[in-house]
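Trainee: I would like to learn how to read this model. Please take me through it step by step.

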Amino acid sequence: IEFRIGEGAVHLNGFVEWPFSVQSDGELRLSFAGANAAPLTSILMDDDLFSDHGVVTGDVSLLFGSGQGDFISNGRVSIQNAHLNVLPFLEPLDIQSGRLSWEGERGKFTIDEAEFPGGSVVATGDVVRFEPLDIRVSAECKVLDLDDSLLKEGLQKASDSADDKSNILVD
């Protein structure tokens, strides 16, 4: 099946046996090139992650068959010109170029080039788990002005959120 999300073509192929039961079994694969990041990622993950611009290219597979009604996803995507909301207390990143690959709950990412109001950054990291978010990041800031980078209201909101179990470690 081929369909469009925004300006990008998306290809879906695969099979699902017993699709509406907990015994479902199968594999679905989404391939996309030049798809708008916001609508595509809202299907796959948190709606607030991307803004309305940015381009995503890659492959995502959904594997069914655990007998529990769950599925496992894995994939590789590249991101260009995306506005990424990472943390509630940090200005969003404008990512010129980056990549993410994952298998199930674990993954790796690279940000080749990104800017935010307080500077610019390149980074690599590991996703220990996606829910709740637990990542390890190694970042190099070419320029960093914390007065321009931090969202003061976001710092208060993050400290007030007792139920958020996200864990982000930055080197």
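Trainee: In what order do the elements of the protein chain run from the N terminus on?

Mentor: This is a predicted model, so local features need pLDDT of at least 70 and side-chain atom pairs count only at pLDDT 80 or more, while totals for chains, interfaces and linings use all residues. Residues are numbered from 1 along each chain as its sequence is written, and side-chain values use heavy atoms, without hydrogens and water. Helices (H or I, at least four residues) and strands (E, at least two) are DSSP runs, numbered from the N terminus. Here the order is β-β-β-α-β-β-β-β-β-β-α-α-β. That gives 3 helices and 10 strands.

Trainee: What percentage of the residues count as buried?

Mentor: Buried means under 20% relative accessible area, exposed over 50%, and partly exposed in between (1.4 Å probe, protein chains only). Of the 171 residues in the protein chain, 30% are buried.

Trainee: Which residues touch the most other members of the largest nonpolar core?

Mentor: In soluble globular proteins, nonpolar side chains tend to be buried together. A nonpolar core is a set of buried Ala, Val, Leu, Ile, Met, Phe, Trp, Tyr and Cys residues joined through side-chain atoms within 4.5 Å. The largest one has 24 residues, and Phe-32, Val-60, Val-77, Leu-93, Ile-95, Phe-109 and Ile-111 touch the most other members. Strands E3 (25–36), E4, E5, E6, E7, E8 (119–129) and E9 (134–144) each give two or more residues to this core.

Trainee: Where is Arg-99 found?

Mentor: Arg-99 is in strand E6. Arg-99 counts as partly exposed because its relative accessibility is 42%. Contact means heavy atoms within 4.5 Å. Leaving aside neighbours within four places in sequence, Arg-99 is in contact with Val-77, Ser-78, Lys-108, Phe-109, Thr-110 and Asp-112. Arg-99 and Arg-76 are 23 residues apart in sequence, and their C-alpha atoms are 7.4 Å apart in space.

Trainee: What is the phi of Asn-81?

Mentor: Asn-81 has a positive phi of about 55°, although it is not a glycine. Asn-81 lies in strand E5. Its relative accessibility is 48%, so Asn-81 counts as partly exposed.

Trainee: Which peptide bond is cis?

Mentor: Look at the bond from Glu-131 to Pro-132: it is cis, with omega near -10°. Pro-132 sits in the loop between E8 and E9.
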